[in-house]
Amino acid sequence: MATFLITCKRGIDFLAKVESVACMTMMALLILMNGIGIFTRYFLNRPILWVHELTILIGTWLFYVGMGLLYARKEDISLDFIVNKMPERVRWMTEQVIQWMILVFLVILTIATYKLIPFVSMSGSMLSFSLGIKDVYYYIPVGVGSILMFIPVLYKTLKALETRKQIGS
C-alpha cells in the first residue's frame, strides 16, 4: 500500500500542477475578456455580448477545477480549532467519517452529473444565445471537478488509514 500511496502522491502533485496552470490561464482569460468588455461598453459604447457568456462558462470551469486544486494542496477550509481540542483517537475517527462522507457525496455527484449530461445534450437547449454554447458544457465541469476533488480526498483518507495501521492503534 505504501508504494501505491507514493505513486498516488506523485500523480496528485502532477495533476495539481496541470490544474494550477489551467486555473491561471482561465483567470487571465477572465481578466482580459472582462477588461475588453468594460472598455468597449463604457468607452466605445458598443458592448460585446459574448463576454458575459464566456465569463460564466470559464468561471464555472475555474470554480470546479480550482476546488480540485484546493483539495490537492490541502488549502480547503476546515475547522481545525474545534477538531484539535478532541482526543487523538476521536479526532482521527471524526476525520475518517467526514472524509468518507465527502467521498460518497463526490461519487454520487459525479454519477448524477454524467447521467444528466446525455439528457441535457438531447434536449437541444442552449444557455448561450450569442455564441450558441450548449447547456451541456456548463454541466461537464461539475463532473470533472468532482473527480478532481475525489482523487486527493481518497489519497488523504487512505494515507490516514495506512498511518494508523503503522502506528498499530
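**First stop: a loop residue**

Select Asn-45: with a relative accessible area of 65%, this residue is exposed, because anything over 50% counts that way. Asn-45 sits in the loop between helix H1 (2-42) and helix H2 (50-73). Now check its backbone: phi of Asn-45 is near 60°, a positive value in a residue other than glycine.

**Colour by confidence**

Keep in mind that this is a predicted model. Colour the chain by pLDDT, which averages 85, with 91% of the residues scoring at least 70. Where is confidence lowest, and where is it highest? Helix H3 (residues 80-83) has the lowest mean, 72, while H1 has the highest, 91.

**Aromatic rings**

Next, show the side chains of the aromatic residues; the structure holds two aromatic pairs. One of them joins Phe-39 and Phe-43, whose rings are tilted, 5.5 Å centre to centre with 35° between the planes. Phe-39 is partly exposed, at a relative accessible area of 42%, whereas Phe-43 is exposed, at 62%. Then move to Phe-63 and Tyr-64, an edge-to-face pair with 4.9 Å centre to centre and 90° between the planes. Phe-63 is partly exposed, with 47% relative accessibility.

Select Thr-157, which lies in helix H5 (residues 136-167). Is Thr-157 buried or exposed? Its relative accessibility is 0%, so Thr-157 counts as buried. What does Thr-157 touch, leaving aside neighbours within four places in sequence? The contacts of Thr-157 are Gln-96, Gln-99, Trp-100 and Leu-103.

Now jump to Thr-113, in helix H4 (residues 88-123). Thr-113 is buried too, with 6% relative accessibility. Not counting residues up to four places away in sequence, Thr-113 touches Tyr-139, Val-142 and Gly-143.

**Last stop: cysteines**

Select Cys-8 and Cys-23. Cys-8 counts as partly exposed because its relative accessibility is 25%, while Cys-23, at 10%, counts as buried.

Technical notes
Residues numbered from 1 in each chain as written. Predicted model: local features only at pLDDT ≥ 70, side-chain atom pairs only at ≥ 80, totals over all residues. Heavy atoms only, no water. Buried < 20%, exposed > 50% of the residue type's maximum accessible area, 1.4 Å probe, protein only. Helix = DSSP H or I, 4+ residues; strand = E, 2+ residues; numbered from the N terminus. Contact = heavy atoms within 4.5 Å. pLDDT = per-residue confidence, 0-100. Phe/Tyr/Trp six-rings, centres within 6.5 Å; stacked < 30°, edge-to-face > 60°.
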